[in-house]
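Colleague: I have the chain up on my screen. Can you take me through the fold and the surface?

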Amino acid sequence: MPERDEMARNRWLRPIAHRFLRSELWRFTRRSVPRGAALGLFAAFIIPVGQIFLAAFLALPARANVPVAAVITFVTNPFTVPFWLLVANKVGKFTLKVDPATMASAKAALEETWWTEFGWWLQTAGVTAFGFLVLSVVTAAVGYLLTSFLWRFVVARRWEKRPARRNFLRAKSPKSN
């Protein structure tokens with residue numbers, strides 16, 4: 001997890017380091033952590049390079065937790081990129097309803113124009129890019145909701161244990177009434 005001092009020393013962040021050093025961006029609160037998770041997931045899928053910096057920059061105006069936003073971008077890393085490319089392609093095809101009949105008519109239209117050289121790119125890369133756009137929005141929303149519910153569950157569990165512990169300590173105390 002990136003630390004405050006580490007980000008303050010970064011030459012790219014130095015001009016705006018005073019904004020990154022605000023303590024509210026580094027605290028783990030019920031509002032900042034889900035925001036950080038959502039922004040991290042959004043940045044992870046929307047741009048292939050520099051996701052950590054994008055997530056950190058987006059965390060500023062959103063008042064999101066910077067470390068959470070930066071760490072969650074590692075969902076897309078060099079080892080998982082082939083998997084996410086396949087998933088994005090499938091999501092793009094499903095969302096755009098691309099099937100062999102549609103592709104045949106699109107290919108016929110492309111062959112009649114000068115776009116013939118770019119036909120392969122439009123068929124594969126365009127659909128995959130749209131799939132990544134859909135993945136970025138959907139995973140950000142799911143990440144926000146999941147993190148928010150998980151945060152509330154953990155806090156509720158802690159509050160459940162708290163009164164029992166307090167009563168246990170009162171019962172053991174040697175006070176006499």
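Colleague: Of the contacts with a separation of 6 or more, what share joins residues 24 or more positions apart?

Modeller: This is a predicted model. A contact here means heavy atoms within 4.5 Å. Among those with a separation of 6 or more, the share from residues 24 or more positions apart is 73%.

Colleague: How many helices and how many strands does the protein chain have?

Modeller: From the N terminus on, the elements run α-α-α-α-α-α-α-α. The count is zero strands and eight helices.

Colleague: What percentage of the 177 residues is buried?

Modeller: Buried means under 20% relative accessible area. In the protein chain, that class makes up 29%.

Colleague: How far apart are the end C-alpha atoms of residues 129-155?

Modeller: An unreviewed UniProt entry annotates residues 129-155 as "transmembrane region", along with 37-59 and 66-87. Over residues 66-87 the chain is 64% helix, and the end C-alpha atoms are 27 Å apart. Over residues 129-155 the chain is 100% helix. There the end C-alpha atoms are separated by 38 Å.

Colleague: Which residues make the nonpolar surface patch of about 290 Å²?

Modeller: Leu133 is one of them. Leu133 sits in helix H8, residues 119-172. A patch residue needs over 30% relative accessible area.

Colleague: Why does Leu133 count as partly exposed?

Modeller: Partly exposed lies between the buried limit of 20% and the exposed limit of 50%. Leu133 falls in that class because its relative accessible area is 41%.

Methods: Residues numbered from 1 in each chain as written. Predicted model: local features only at pLDDT ≥ 70, side-chain atom pairs only at ≥ 80, totals over all residues. Heavy atoms only, no water. Helix = DSSP H or I, 4+ residues; strand = E, 2+ residues; numbered from the N terminus. Buried < 20%, exposed > 50% of the residue type's maximum accessible area, 1.4 Å probe, protein only. UniProt positions renumbered as here; feature names shortened; annotations may be inferred. Patch = residues over 30% accessible without salt bridge, like charges linked within 9 Å, V, L, I, M, F, W, Y side chains within 5 Å. Areas by Shrake-Rupley, 256 points an atom, 1.4 Å probe, with all protein chains shown as cover. Salt bridge = Lys/Arg side-chain N within 4 Å of Asp/Glu carboxyl O.
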